[in-house]
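Open your viewer and get ready to click along. Each stop below tells you what to select and what you will find there.

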Amino acid sequence: MSELRLVDVALAYGSRMALAGLDLTVASGERVAVLGPNGAGKSSLLRCATGVMPVSRGTVMLDGVPLAELGREAIARRIAVVPQQVDLPFAIRVEEVVALGRIPHERSFRGPTPLDREIVDEAIHRVGLDAFVGRDARELSLGERQLVLIAMAVAQQARLLLLDEPTVHLDLRHQVQVMDLLADLNDREGLTILAVLHDLALAAHYFPRALLLDGGRLVADGPPAQVLAPERVQATFGVDAAVWMGGARPGV
Amino acid sequence: MRAGVAPGIPALSRRVRASTPRWRRPTTVAGVGLAALAIALVVGLAFGSVSIPLGDTVAILAHRLLGWPVAVTWPASSETIVLELRLPRVLMAMLAGGGLAVAGATMQGVLRNPLADPYVLGTASGAALGASLAVLVPLPLGLLGLGFGQLLAFIGAVVAVALVWRLSRASRLGSLTGLLLTGYAVGSLLAAGLSMAMVLSGAQLRQIVYFLLGSLATATWQQVAVAAPLIIVGVVVLAWRARALDALMLGDETAAHLGLAVARERVILLAFAALVTAAAVATCGLIGFVGLVVPHMVRLVVGPAARPLLPLAAIFGAAFLAFADLLARLPGELPVGIVTAVIGAPFFLLILRHVRTGYEL
């Protein structure tokens with residue numbers, strides 16, 4: 001189970017409303033893309049959904065329990081987040097970064113168990129980072145570091161995976177690889193996935209459901225082909241675009 | 001790529017551990033550190049203005065502390081020198097060195113800043129101001145074997161950190177930047193007070209200078225008994241929060257996503273690092289370099305993960321300062337801060353040049 005429900009969630013930074021009353025349910029096992037122009041409230045939505053940013057109004061519930069009633073560690077065992085980028089102050093190896101994903105499962109003083117190590121190995125393998133083991137994560141390209149952060153979230157073994165623009169620094173091959181990985185985690189292991197994406201074409205191709213945010217409000221929710229109707233894309237992004245779903249690969 | 005869970009996944013971590021050179025493994029490094037610590041202890045007890053044979057030193061330790069049945073072949077004066085004069089001094093050096101190294105590693109991690117040291121949040125200037133005030137107004141007060149100056153230094157360090165913490169919460173900058181800048185601002189203000197005290201101190205200026213450069217010459221058993229619980233408890237608490245320190249390396253938000261109550265953990269880590277620093281500074285003065293460099297030396301060898309880093313920093317910091325103190329008293333009581341810099345800086349540069357693989361700064 002990993003149902004996420006937002007009831008009338010509002011978030012204000014000073015006088016600016018980042019989210020203005022959002023009602024939304026992501027059911028267990030869904031795969032949902034969050035779309036919208038810059039400043040639409042996409043990242044704010046993720047911050048509220050994990051509870052790192054307390055909401056100004058409304059309730060966020062995880063499997064029917066308000067986040068406010070769960071401790072940070074309990075939340076971290078159920079929600080993993082892939083940040084856009086992390087800036088590392090010290091040299092650290094790829095596998096050590098991935099192992100940080102085990103923190104919510106570890107006890108103080110006791111080191112990682114053999115099981116923890118195995119889970120870390122599996123996450124590295126799954127994201128395709130075997131060749132990077134032993135390397136300083138800070139020497140990797142932005143895109144490769146993004147893969148490391150994805151592996152860290154996979155190692156966290158949460159049932160709900162939130163991603164903040166996971167493909168933004170990736171080349172085409174790695175974009176497809178990450179999208180396939182997310183689809184696989186969703187299809188085969190039933191992870192619930194909520195991903196903020198800028199690439200409408202990737203969203204249209206890989207996600208059965210899309211949310212379109214604009215000005216802190218949910219303006220559309222449904223299959224990408226409907227959500228990304230030309231007049232709506234024009235209204236929210238201010239550009240003319242059309243989504244076509246025909247052929248092997250839909251595009252925008 | 002749809003690589004599922006492949007059957008018989010290559011045991012990556014095992015492979016990596018096998019490929020890690022033996023000398024880089026935390027257990028090996030800890031062994032080397034403990035050996036260095038033991039050598040520092042014996043050598044530190046044996047040498048000084050009067051040399052005592054190494055064999056006698058070891059025998060005195062074994063006889064008096066461990067109760068081993070060793071035939072007493074040494075003069076009673078040797079025993080007094082080793083146990084009453086040098087042992088508290090060597091232990092104090094080890095406590096202060098280990099504590100400062102752990103506090104430095106903690107500050108660097110919490111502030112996510114490789115240039116941070118234990119003094120960065122005002123402890124140094126607070127302690128210095130406290131100590132110099134005691135020089136100007138020498139009251140015959142003391143507590144638990146600490147002199148008035150040491151008490152004021154401890155209070156100054158703790159008050160300075162508390163002040164920095166309190167003021168930084170009003171800052172509108174990002175919390176870490178606000179904290180660091182508040183630390184510098186409060187530090188400068190206290191340093192101005194210190195400068196004023198130095199100008200006014202006249203003939204007592206030398207005492208203040210000695211405090212600023214650090215010295216272990218006045219260490220007594222009573223002081224060890226006061227400082228040891230503070231430093232040991234602080235170090236153990238910090239080591240216990242090692243994983244929190246690791247998570248904070250990724251930044252506040254990601255640390256929170258990994259289950260950390262960020263604000264609370266940061267207060268715990270900073271408070272205990274400050275406590276350890278205050279205890280070390282009050283008893284030994286401002287010993288520089290240990291808290292900045294020892295954590296980096298350890299990181300270069302075993303990496304930044306706090307679980308090996310903090311205990312190893314404690315061991316190597318302790319050994320380093322014990323050796324430095326020995327070198328400081330052999331030529332006749334140099335301030336130990338001079339020695340830590342003179343031997344530490346070239347050693348650090350050498351390591352920076354030669355460690356090419358693995359963890360670099």
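**Before you start**

This is a predicted model, in which local features need pLDDT of at least 70 and side-chain atom pairs count only at pLDDT 80 or more, while totals for chains, interfaces and linings use all residues. Residues are numbered from 1 along each chain as its sequence is written, and chains are lettered from A and ligands numbered from 1 in the order in which they are written.

**Stop 1: chain B**

Helices (H or I, at least four residues) and strands (E, at least two) are DSSP runs, numbered from the N terminus.

Of its 361 residues, 52% count as buried. A residue is buried if 20 or more other C-beta atoms lie within 10 Å of its own, exposed if 12 or fewer, and partly exposed in between, with C-beta atoms placed from the backbone. Now think about contacts, meaning pairs of residues whose C-beta atoms, placed from the backbone, lie within 7 Å. Among contacts in chain B between residues at least 6 apart in sequence, 76% join residues at least 24 apart.

**Stop 2: helices α13 and α14 of chain B**

Select residues 290-302 of chain B for helix α13 and residues 306-329 of chain B for helix α14. Their axes come within 9 Å and cross at roughly 125°. Axes are lines fitted to C-alpha atoms, for helices over the stretch in contact, and angles run from 0 to 180 degrees between N-to-C directions. α13(B) and α14(B) are therefore oblique to each other. Angles under 35 degrees count as roughly parallel, over 145 as roughly antiparallel, 65 to 115 as roughly perpendicular and the rest as oblique.

The crossing of α13(B) and α14(B) is right-handed. A crossing is right-handed if the near helix is turned clockwise from the far one by less than a right angle, and left-handed if anticlockwise.

Show side chains where the two helices meet: on α13(B), look for residues including V294(B), P295(B) and V298(B), and on α14(B), for residues including L309(B), A313(B) and F316(B). By class, this contact of α13(B) with α14(B) has 13 nonpolar, 1 polar and 1 charged residues. Ala, Val, Leu, Ile, Met, Phe, Trp, Tyr, Cys and Pro count as nonpolar, Asp, Glu, Lys and Arg as charged, and the others, Gly among them, as polar.

Keep A313(B) selected. Setting aside neighbours within four places in sequence, A313(B) is in contact with A101(B), V102(B), A105(B), V294(B), P295(B) and V298(B).

**Stop 3: helices α6 and α7 of chain B**

Next, select residues 148-168 of chain B for α6 and residues 175-201 of chain B for α7; the two axes come within 9 Å and cross at roughly 135°. That angle makes α6(B) oblique to α7(B). The crossing of α6(B) and α7(B) is right-handed. Among the residues making the contact are A160(B) and L163(B) of α6(B) and G178(B) and L179(B) of α7(B). The contact of α6(B) with α7(B) divides into 7 nonpolar, 4 polar and no charged residues.

**Stop 4**

Zoom to F289(B), in the loop between α12 (262-284) and α13 of chain B. F289(B) is not a glycine, yet its phi is positive, near 80°. F289(B) is buried, with 25 other C-beta atoms within 10 Å.

Move on to E333(B), in the loop between α14 and α15 (336-354) of chain B. E333(B) also has a positive phi, about 60°, although it is not a glycine. Is E333(B) buried or partly exposed? With 13 C-beta neighbours inside 10 Å, E333(B) counts as partly exposed.

Then find V70(B), in the loop between α3 (54-65) and α4 (76-110) of chain B. Leaving aside neighbours within four places in sequence, V70(B) is in contact with A59(B), A62(B) and H63(B).

**Stop 5**

Select V135(B) in helix α5 (residues 123-136) of chain B. V135(B) counts as buried, with 20 C-beta neighbours inside 10 Å.

Finish in chain A with R5(A), in strand β1 (residues 4-13). R5(A) is partly exposed, with 18 other C-beta atoms within 10 Å. Not counting residues up to four places away in sequence, R5(A) touches T25(A) and M61(A).
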